[in-house]
Amino acid sequence: MSNVNVFRKTILITGTSSGIGLATAKFFHQNGWNVVATMRNLKAARPELLALAEINDASQPRLILECLDVTDTTQIKASIEAGIRHFGKIDVLVNNAGFAQNGVLEGISSEKVKEQFAVNVFGVMDMTRAILPHFRANGGGGVINVSSGTGLWALPLGTMYSSSKFALEGFTEALSYELASQGVFVKSVIPHGGVTETDFAARFLDSTPKEPDYRAVIEKAGVSSSDVAKVIFEASTDGSDRLRYMIGVDTREFLEKRYNSKSDEDYMEFMRAFFPPVNDEDVEAWRKTQK
């Protein structure tokens, strides 16, 4: 452990192989933090992350890579211990690892439901529970959960992902009250309207027309992973007790209606008009377009 790096703040981030996690690891390192970058498979580490792990500062790197599947409590314990051993302490935990699955509930197996919650909810809980004794011993710390707009409003065909993010939002808010007395802040960063530079976005772009004009329009429809990383940095460093940090494009006005409708009835009227029930004629018309 370096005498220089021990005076820097340290962040542990889950899910840094791509997207928001990767951008966050790079941004915090750029801004002088020590970084514990974790991912399920270290072979998936991007070259730029591997390069940062090779840069020595005061005889040791300020970024270390750790193998971590958030559904594995043994790996959770090991990654936290590695960060503490290397940097002396951990100041902030960013629970970013997660995944989305789409489809109607009837077609999703119970195993897939459990997998969704194991990563997006229970993994967050296990990570947080494991690091809390360290935070309390050091007189404070911070937990930032990367959520989603679909944790505030629900969308059809996103039943599992949306329900996992609703659960995450409830957990984050309740925990923020619980840990305030311990000097530990708990916050939620909520991207919405689409995030570029993620594996999900890449798969979406691959399914779109290849003409540059169309791809440029799609890429501008959301915010970048780098933009989200900056908001995570703000949440980590602004010293406020703010709970939710929104970042995104609200072109469909879901966020506006969620918070500014006069009543729940008004909100539901808007959402139901946006997603009207599908009848047999609609299904048949869709089938014809698939032939």
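Author: An axis here is a line fitted to C-alpha atoms, for helices over the stretch in contact. The model discussed is a predicted one.

Reader: How do the axes of helix α1 and helix α8 lie to each other?

Author: The axes of α1 (residues 19-30) and α8 (residues 225-237) come within 8 Å and cross at roughly 55°.

Reader: Why is α1 called oblique to α8?

Author: Angles under 35 degrees count as roughly parallel, and 65 to 115 as roughly perpendicular. The crossing angle is roughly 55°, and therefore α1 is oblique to α8. The crossing is also right-handed.

Reader: Which residues make the contact?

Author: From α1 come G19, I20, A23, T24, F27 and F28, and among those from α8 are V228, A229, K230, I232 and F233. By kind, the residues of this contact are eight nonpolar, five polar and one charged.

Reader: Which residues of helix α10 are buried?

Author: In α10 (residues 264-274), Y267, F270 and M271 are buried.

Reader: What makes these buried residues line one face of α10?

Author: Viewed down the axis of α10, the buried residues fall within an arc of 95°, and so they line one face of the helix. E265, E269, R272 and A273, on the other side of α10, are exposed. The cover over the buried residues of α10 includes α9 (254-260).

Reader: Why is E169 called buried?

Author: Buried means under 20% relative accessible area. E169 has a relative accessible area of 3%, and therefore E169 is buried. This residue is found in helix α5 (residues 159-179). Leaving aside residues up to four places away in sequence, E169 touches S147, G151, L152, S188, I190 and R244.

How values were computed:
Residues numbered from 1 in each chain as written. Predicted model: local features only at pLDDT ≥ 70, side-chain atom pairs only at ≥ 80, totals over all residues. Heavy atoms only, no water. Axes fitted to C-alpha atoms, helices over the stretch in contact; angles between N-to-C directions. Helix = DSSP H or I, 4+ residues; strand = E, 2+ residues; numbered from the N terminus. Parallel < 35°, antiparallel > 145°, perpendicular 65-115°, else oblique. Left-handed = near helix turned anticlockwise from the far one by under 90°. Contact = heavy atoms within 4.5 Å. Nonpolar A, V, L, I, M, F, W, Y, C, P; charged D, E, K, R; others polar. Buried < 20%, exposed > 50% of the residue type's maximum accessible area, 1.4 Å probe, protein only. Arc of directions from axis to C-beta.
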